Amino acid sequence: MLTPSPGERILEVGPGTGLQSLHIAPQLGPHGQLDILDIQPEMLRHVMHRAGQRAVPNIVPTHADARELPFDDDTFDAMYLVSALGEIPEPQRVLDEAVRVLTPAGRLVVGEFFDRHWIPFGPLHRLAEASGLHLSTRSGSTLAYLARFQPCARSQRSLRGPES
């Protein structure tokens, strides 16, 4: 669903223990980079320890809040969150930030699996559209899905204004 390519720069929000991180980073090759972001520094340390054990050098940790991403506009080719968006207060702000930091051709993948923080697909789709993201593909079931979104055209995004 993410389709990482060598040389890309990708952001993972909420990497947990690094299950996806350690799978994605090697696919980016020596010129690509996987940035991982978490509000919990111990999770970042855990992933970096595992990356060191497996000799995966292209993971860069950032301790920050996903509602205020500390990156420039148009920085990432892709961004993904797996079982993380529902754990963050104000998911609309996270999606707004995703639109800001993704390149115009970027992609956002959200994976949700039924648990106490789960965001059903319907509400996620509405939040994404409100942020200027359109659905490109979805797979899975009602209780466990992956959805890929892309930023709408810049002209449509600029119509949202600064308050959205």
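Modeller: A residue is called buried when its relative accessible area is under 20%, exposed when that area is over 50%, and partly exposed in between. Please keep in mind that this is a predicted model.

Colleague: Noted. Is V60 buried, partly exposed or exposed, then?

Modeller: V60 has a relative accessible area of 31%, so V60 is partly exposed. V60 belongs to strand 3, which covers residues 59-63.

Colleague: Which residues does V60 touch, apart from its neighbours within four places in sequence?

Modeller: With those neighbours left aside, V60 is in contact with Q33, L34, D35 and I36.

Colleague: How far is V60 from D35 in sequence and in space?

Modeller: V60 and D35 are 25 residues apart in sequence, and their C-alpha atoms are 4.7 Å apart in space.

Colleague: And what about T17 and E42, how far apart are those two?

Modeller: T17 and E42 are also 25 residues apart along the chain, and 9.7 Å separates their C-alpha atoms.

Colleague: Where does T17 sit, and what does T17 touch?

Modeller: T17 lies in the loop between strand 1 and helix 1, the helix of residues 21-24. Beyond its neighbours within four places in sequence, T17 is in contact with M43, H46, V47 and R50. The relative accessibility of T17 is 41%, so this residue counts as partly exposed.

Colleague: Which strands does strand 1 pair with?

Modeller: Strand 1 is joined by 5 bridges to strand 2, residues 33-38, and these two run parallel. Strand 1 is also joined by 4 bridges to strand 4, residues 76-82, and that pair runs parallel as well.

Colleague: What can be said of phi at E90?

Modeller: E90 likewise has a positive phi, about 60 degrees, although it is not a glycine. E90 lies in the loop between strand 4 and helix 3, and its relative accessible area of 41% makes it partly exposed.

Colleague: Now the whole chain, please. How many helices and strands are there?

Modeller: The protein chain has 5 helices and 7 strands. Along the sequence, their order is β-α-β-α-β-β-α-β-α-β-β-α.

Colleague: Why would one call its radius of gyration that of a compact globule?

Modeller: A compact globule of 164 residues would have a radius of gyration near 15 Å, and the protein chain agrees because its own value is 15 Å. The C-alpha atoms fill a box of roughly 45 × 35 × 25 Å along the principal axes.

Colleague: What share of the residues is buried?

Modeller: Of the 164 residues, 45% count as buried. The chain exposes about 8000 Å², with 55% of that supplied by carbon and sulfur atoms.

Conventions:
Residues numbered from 1 in each chain as written. Predicted model: local features only at pLDDT ≥ 70, side-chain atom pairs only at ≥ 80, totals over all residues. Heavy atoms only, no water. Rg over C-alpha atoms; globule rule 2.2 N^0.38 Å. Buried < 20%, exposed > 50% of the residue type's maximum accessible area, 1.4 Å probe, protein only. Areas by Shrake-Rupley, 256 points an atom, 1.4 Å probe, with all protein chains shown as cover. Pairing = 2+ DSSP bridges. Contact = heavy atoms within 4.5 Å.
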